[in-house]
Amino acid sequence: MRRCGRQFAVNAVTDQQLDDLQDVLHRFRRTPLTTGALPSTGHALVRALLAAPDPERRQRLLDVLDDRMNYGVFLDTHTANMCMDTFLKEGNYRDAAKIATHLMLQEDWSDPINRALALYSCCAYVENPVPEPWRQPDPEEDPKAETEFIRVKYLRNEWNDAHFDLREWWELCGKTLAWVGASGDQLGDRSCQLLGWALWRQWDQLRQCCDRLQGSDGVCRDTLERVAGLLADAGDSCPDAAALSARVSALPAADAPLLETLRRAAESAVAEHEPAAVAQLRATYADWERRRLEALEQQRQAEERARRVQALEEKRQELRERERLLWFFDREEQLLAEVDRQWNRPQPPKPPHVQKLLRKKRPTQADYVPPHVQRTHNQ
């Protein structure tokens with residue numbers, strides 16, 4: 001199943017094949033064999049849905065990535081780069097930013113191309129949030145529909161882990177910018193870190209970020225202006241907005257625009273690390289092919305071993321029957337004794353309800369004559 005799923009994902013092209021592929025993966029996820037799923041299966045599924053020309057298929061890809069419980073598909077370094085590159089070239093900043101937030105949720109931005117594209121994708125969506133909306137609204141409930149009450153064992157306490165429970169775009173993009181930006185010390189990294197804490201509305205973290213950046217080489221001027229605007233719109237959620245805004249304005253500023261700075265950083269990262277990434281992808285494909293062949297050989301050996309054991313057991317049973325047939329007269333008394341022993345062995349006690357019925361049953365007399373009943377008719 002693991003090998004067939006990957007092979008099916010590689011060759012799935014039509015809408016019907018993609019639907020079947022998604023359904024098969026969902027069913028496979030609910031079986032015990034999902035613990036041995038090969039990483040090439042998820043990689044092939046992402047590439048198959050990403051290559052589909054229908055925009056609905058692209059949305060299907062994002063739905064599969066969001067539903068980790070039922071599909072178990074996670075982005076790797078190469079699929080994340082492919083997805084962000086495709087969406088950015090199409091001007092679809094929303095889906096590119098969603099892919100970047102998945103890297104944040106997986107807490108893996110060690111690849112320099114991943115880092116650069118993730119920061120650029122989120123900032124591009126913040127500057128130009130298209131297409132809208134970020135997530136599809138929940139379907140409206142029919143007021144005329146009958147309310148159904150379901151009994152549950154216990155009620156869960158409301159809890160937000162500030163990670164997997166994040167839903168709004170400013171929370172996801174803000175945390176992505178803050179966390180990924182904190183892993184670097186360039187102008188774009190510092191600016192993204194400051195903007196991220198402000199978007200996520202983590203004012204204590206924003207205050208600490210200002211303290212760290214006070215002696216740095218500066219932050220993009222347009223970032224400082226946007227953060228100041230977010231503080232002005234914070235309202236009651238930030239009691240000391242004025243003081244915090246003053247601390248933000250006191251940071252050293254650089255005239256380079258943030259989005260242009262991130263674009264140049266992404267182009268530089270791609271130019272520097274693309275040959276190594278391509279070589280790593282080729283090596284990964286070769287390793288996956290080797291692992292698939294090894295798994296195929298292991299399965300073939302297991303099936304061959306099971307076939308041999310079954311054939312051996314059948315041969316042993318046949319020899320036992322022939323032995324009893326050929327040596328019957330020499331062992332006649334022994335076999336007859338065994339038959340008697342089996343025939344006269346004590347019977348297991350009957351169930352209580354059967355014993356009760358047997359006790360109630362009356363013995364029938366041999367000379368019993370039923371009474372003669374004369375039928376009378378009404379005149």
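Cys122 counts as buried because its relative accessibility is 0%, where buried means under 20% relative accessible area, exposed over 50%, and partly exposed in between, with a 1.4 Å probe and protein chains only. The structure is a predicted model, in which local features need pLDDT of at least 70 and side-chain atom pairs count only at pLDDT 80 or more, while totals for chains, interfaces and linings use all residues. Residues are numbered from 1 along each chain as its sequence is written, and side-chain values use heavy atoms, with hydrogens and water left out. The helices named below are DSSP runs of H or I with at least four residues, strands are runs of E with at least two, and both are numbered from the N terminus.

**Cysteines**

- A disulfide is a covalent bond between the sulfur atoms of two cysteines, and here the term is applied to a pair of cysteine sulfur atoms within 2.5 Å.
- By this rule the count comes to zero disulfides; Cys122 is in none, and the nearest cysteine sulfur to its own, that of Cys173, lies 4.4 Å away.
- Cys209 counts as buried, since its relative accessibility is 0%.

**Helix 7 against helix 9**

- Two packed helices are described by the angle between their axes and the distance between the axes; axes are lines fitted to C-alpha atoms, for helices over the stretch in contact, and angles run from 0 to 180 degrees between N-to-C directions.
- The axes of helix 7 (residues 93–106) and helix 9 (residues 169–181) come within 9 Å of each other and cross at roughly 60 degrees.
- Helix 7 is therefore oblique to helix 9, given that angles under 35 degrees count as roughly parallel, over 145 as roughly antiparallel, 65 to 115 as roughly perpendicular and the rest as oblique.
- The crossing of helix 7 and helix 9 is left-handed, a term for cases in which the near helix is turned anticlockwise from the far one by less than a right angle, right-handed being the word if the turn is clockwise.
- Where these two helices meet, with contact taken as heavy atoms within 4.5 Å, helix 7 contributes Ala97, Ala100, Thr101 and Met104, and helix 9 contributes residues including Cys173 and Trp179.

- The axes of helix 10 and helix 11 (residues 203–213) come within 8 Å and cross at roughly 160 degrees, so helix 10 is roughly antiparallel to helix 11.
- This crossing of helix 10 and helix 11 is also described as left-handed, and among the residues that meet there are Arg190 and Trp197 in helix 10 and Cys209 and Cys210 in helix 11.
- Leu199 belongs to helix 10 (residues 187–200), and Leu199 is buried because its relative accessible area is 7%.
- Not counting residues up to four places away in sequence, Leu199 touches Val126, Trp169, Trp170, Gly174, Leu177 and Leu230.
- Leu199 and Arg226 are 27 residues apart in sequence, and their C-alpha atoms are 9.6 Å apart in space.

**Loops and backbone geometry**

- Two peptide bonds are cis: the one from Val130 to Pro131 has omega near -15 degrees, and the one from Glu132 to Pro133 has omega near -5 degrees.
- Pro131 sits in the loop between helix 8 (112–127) and helix 9, and Pro133 is placed in the loop between helix 8 and helix 9.
- Ala162, in the loop between helix 8 and helix 9, has a phi near 60 degrees, which is a positive value in a residue other than glycine, and it is partly exposed at 29% relative accessibility.
- Arg201, found in the loop between helix 10 and helix 11, has a positive phi of about 65 degrees although it is not a glycine, and it is partly exposed with a relative accessible area of 48%.
- Thr34 lies in the loop between helix 2 (15–29) and helix 3 (39–50), is buried with a relative accessible area of 18%, and is in contact with Phe28 and Arg29 once neighbours within four places in sequence are left aside.

**Helix 14 and the annotated region**

- An unreviewed UniProt entry carries the annotation "coiled-coil region" for residues 278–322; UniProt positions are given in the numbering used here, feature names are shortened, and annotations may be inferred rather than shown by experiment.
- Glu323 is in helix 14 (residues 258–326) and is partly exposed, with a relative accessible area of 37%.
- Glu323 and Leu194 are 129 residues apart in sequence and 87 Å apart in space, C-alpha to C-alpha.
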